[in-house]
Amino acid sequence: MKKLLFDLFPLVLFFLAFRFSDIYVATGVAMAASILQIVWLKLTSKAIETSHWINLAVIVVFGGATLFFHNDVFIRWKPTVLYWIFALVLLGGRYLMHRNLMQKFMGTHLVLPGHVWDKLNLVWASFFVAMGLVNLFVAFSGHFTESQWVNFKAFGLLGLMLVFVVAQSLWLGRYLQDSSDNSTPPKS
């Protein structure tokens with residue numbers, strides 16, 4: 001839970017700054033919070049995950065463009081670009097480098113057959129592509145205001161992620177059940 005809150009720190013500050021000011025102040029706050037995240041991890045000698053670096057790069061580039069050009073189009077693209085980068089990394093790892101990154105990230109916690117790891121990798125990549133498309137719709141369709149997009153970015157995308165993780169856990173449960181059947185019973 002602590003890690004989740006730490007990872008959501010820039011998003012929470014973005015949302016709060018937007019509520020008290022505007023999209024440009026919120027963007028600057030999110031950029032500063034992302035930089036502070038990395039600095040904090042460095043100072044405390046904690047591992048900096050690849051996702052932290054990717055998020056930092058995307059927020060600096062798209063947030064920087066938003067502030068430089070004083071145009072919120074760039075920050076609205078940020079979630080889509082971030083999700084699509086994650087999808088490309090998963091797909092590129094699997095099909096270009098022949099490495100299943102989901103297995104690499106979660107393999108110490110789960111024992112799954114190879115074909116299930118491949119499905120899991122593909123499902124996550126597809127989910128990230130879909131999340132990017134949904135963000136584009138909310139951000140640019142003209143059906144939603146800037147404030148509604150910020151709310152969606154803060155709560156909608158997170159909610160969709162939570163629903164996806166729960167659904168994925170239920171799907172994986174049958175494979176975990178199968179693998180536990182082969183284990184020895186606990187001693188009394």
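How many residues does α4 have, and how far does α4 reach from its first C-alpha to its last? Select 73-95, which is α4: you have 23 residues reaching 32 Å, close to the 33 Å expected at 1.5 Å a residue. That expected span is 1.5 Å times one less than the number of residues in the helix. Helices here are DSSP runs (H or I, at least four residues), numbered from the N terminus.

Before going on, a word on what you're looking at. This is a predicted model, where local features need pLDDT of at least 70 and side-chain atom pairs count only at pLDDT 80 or more, while totals for chains, interfaces and linings use all residues. Residues are numbered from 1 along each chain as its sequence is written, and side-chain values use heavy atoms, with hydrogens and water left out.

Stay on α4 and click Pro-79: a kink of about 30 degrees is centred there. The bend at a residue is the angle between axes fitted to the seven residues ending there and the seven starting there.

Next, back up to the loop between α3 and α4 and pick His-70. Its phi is near 50 degrees, a positive value in a residue other than glycine. His-70 is exposed, at 53% relative accessibility (exposed means over 50% relative accessible area, buried under 20%, partly exposed in between, with a 1.4 Å probe and protein chains only). Then hop to Ser-45, in the loop between α2 (23-43) and α3 (50-69). Phi is positive at Ser-45 too, near 55 degrees, and Ser-45 counts as exposed at 68%.

Now for the rings. The whole structure holds 13 aromatic pairs. Rings of Phe, Tyr and Trp (its six-membered ring) pair if their centres lie within 6.5 Å; planes under 30 degrees apart are stacked, over 60 edge-to-face, and the rest tilted. Show Trp-124 and Phe-128: their centres are 5.4 Å apart and their planes at 45 degrees, so this pair is tilted. Both sit in α6 (114-140), 4 residues apart, about one turn of the helix. Trp-124 is buried at 11%, and so is Phe-128 at 9%.

Phe-127 is in α6 and Phe-164 in α7 (146-181), so the pair ties together parts 37 residues apart in sequence. Both are buried.

Definitions and conventions. Helix = DSSP H or I, 4+ residues; strand = E, 2+ residues; numbered from the N terminus.
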